[in-house]
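Please examine the sequence and the model before reading each solution.

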Amino acid sequence: MNHMERLWDYQEADVAADNVNKEIARSPKRLRLLKLRDNIKKQQRFLKTLENEVLAMLDRIEIIKEAIGMNEEQLKQLQTKIQTEPAQDSGEAGAYISEVQRIVKDLNSFDQETKKIRQEAADREKKQRDVKRLAVKIKLEFDELRDEYNTEYQTMSGELKRLRAIAAEKAKLVDKEDMERYNAIKKHSTPPMAKLIDDKLCGGCNMSFPSSVLIDIKAGKYVECETCGRMIIL
Ligand SMILES: [Zn+2]
């Protein structure tokens with residue numbers, strides 16, 4: 001084997017290891033787990049929002065309670081006043097009546113608002129229970145799948161380790177300069193080496209070489225494809 005053939009031999013081992021690595025990243029179980037994790041986070045955020053909304057409603061109900069207490073006190077004072085200082089004429093009587101009406105109207109509207117808030121709070125609490133149930137279900141699927149994935153991952157990473165070790169052994173036979181070129185090209189074109197195919201085409205990008213370049217390739221000179229940058233091997 002010449003130095004380019006040794007590099008080619010290394011590339012085969014390197015590609016095999018990279019493929020297993022890609023397979024690990026693309027594992028349907030892993031992708032599903034990531035999706036479930038995102039979904040769990042989403043449900044948690046939703047729960048937090050619902051909780052905050054319910055808290056704000058409870059605060060509002062407290063404020064309304066105080067306002068109702070104040071209005072009831074005003075009404076009581078007004079009733080006492082009406083008894084101790086009865087209206088002397090229709091003008092005063094009218095003023096008392098409209099004062100009572102105003103307070104009663106306020107009390108009614110506070111009552112309506114309280115009912116409405118309680119209903120909304122109950123709706124949200126029901127939603128919270130639904131979300132919690134859903135979150136439990138998702139978490140269960142997540143846990144089961146994670147166990148399955150861990151088993152799969154152990155097998156796959158064992159395989160990856162084995163292939164990387166093979167590649168590392170082959171790398172020892174590769175010239176340092178070749179390896180540096182290989183790694184530099186790998187950053188933009190992978191795999192970094194390509195065979196000459198049909199006696200005229202780059203096996204990496206399928207572009208045909210000019211005849212002068214073909215002569216160099218066939219003479220065993222080092223050639224990089226002008227189009228894709230790969231090292232060309234016969
Ligand atoms: Zn090419």
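Two strands pair if DSSP finds at least two bridges between them; strands (E, at least two residues) and helices (H or I, at least four residues) are DSSP runs, numbered from the N terminus. This is a predicted model, in which local features need pLDDT of at least 70, side-chain atom pairs count only at pLDDT 80 or more, and totals for chains, interfaces and linings use all residues. Residues are numbered from 1 along each chain as its sequence is written.

**Exercise 1.** Determine the order of the strands in the open sheet.

*Solution.* Step 1: S1 (residues 193-197) pairs with S3 in the parallel sense over 3 bridges, and Met193 stands opposite Met231 in S3.
Step 1: S1 pairs with S2 in the antiparallel sense over 2 bridges, with Ile197 opposite Leu201 in S2.
Step 2: The order of the 3 strands is S2-S1-S3, with mixed pairing. The edge strands, S2 (201-202) and S3 (231-233), each pair on one side only.

**Exercise 2.** Describe the turn of the hairpin formed by S1 and S2.

*Solution.* Between S1 and S2 lie 3 residues, and Asp198 in the turn has a positive phi of about 50 degrees.

**Exercise 3.** Are H2 and H3 roughly parallel or roughly antiparallel to each other?

*Solution.* Step 1: Helix H2 (residues 28-84) packs with helix H3 (residues 90-171) at an angle of about 165 degrees, their axes being 7 Å apart. Axes are lines fitted to C-alpha atoms, for helices over the stretch in contact, and angles run from 0 to 180 degrees between N-to-C directions.
Step 1: Angles under 35 degrees count as roughly parallel and over 145 as roughly antiparallel. H2 and H3 are therefore roughly antiparallel.

How values were computed:
Parallel < 35°, antiparallel > 145°, perpendicular 65-115°, else oblique.
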